[in-house]
Amino acid sequence: MIASTQKSPHIIPINPETLGEPAGHFDRAVRIGDWLLISGTSALTNLSGTIEERIMPDSFEDQACVTFDNVEKVLEAAGATWNDVYEIRAMLSNAADFAHLNDIFRERIPARGFIGHGYVTEFLAPGMKIEIEVNAYLPRV
């Protein structure tokens, strides 16, 4: 079976110029009608080159701040804000960093109204400490 090279016209890729090219064969986000689905985003997202060439900050806090900045760039490119977000998946390399992440959530997204998931995992990039996926709802006015 040969894969089609044409996407559905209902799937709109979003790849902000303010971010680096994805390290893999995917888009930063896609919009499908009222739904915005943002790929896993990290402190590598704004950088270019292979995963091994992308140098990110050492500390969890610095990586988390850059990660949230990168998600904001995708949200802005889609005409959205954190207020439109209804779901966040956070993957951490160390469960002990959850308290710091929770503080960042409170700072960046003071109003609740979203659901969250947390996982501890190993990442493809050496030294990576956090990656988040975000989904938002953007009803057409």
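Contact here means heavy atoms within 4.5 Å. The model is predicted: local features require pLDDT of at least 70 and side-chain atom pairs pLDDT 80 or more, whereas totals for chains, interfaces and linings use all residues. Residues are numbered from 1 along each chain as its sequence is written, and side-chain values use heavy atoms, without hydrogens and water.

View A. Ser42 is located in the loop between strand 3 (35-41) and helix 1; helices (H or I, at least four residues) and strands (E, at least two) are DSSP runs, numbered from the N terminus. Ser42 counts as buried because its relative accessibility is 5% (buried: under 20% relative accessible area; exposed: over 50%; partly exposed: in between; 1.4 Å probe, protein chains only). Leaving aside residues up to four places away in sequence, Ser42 touches Thr67, Asn70, Met128, Ile130 and Glu131.

View B. Leu101, Ile104, Phe105 and Arg108 are the buried residues of helix 2 (residues 98-108). They line one face of the helix, because seen down its axis they fall within an arc of 105° (taken from the directions from the helix axis to the C-beta atoms). Arg106 and Glu107, on the other side, are exposed. The cover over the buried residues includes helix 1 (60-77), strand 4 (85-92) and strand 6 (130-137).

**View C. The Trp35–Tyr137 pair.** The structure contains five aromatic pairs (ring centres of Phe, Tyr and Trp, its six-membered ring, within 6.5 Å; planes under 30 degrees apart are stacked, over 60 edge-to-face, the rest tilted). Trp35 and Tyr137 form a tilted pair, 4.6 Å centre to centre with 50° between the planes. Trp35 lies in strand 3 and Tyr137 in strand 6, so the pair ties together parts 102 residues apart in sequence.
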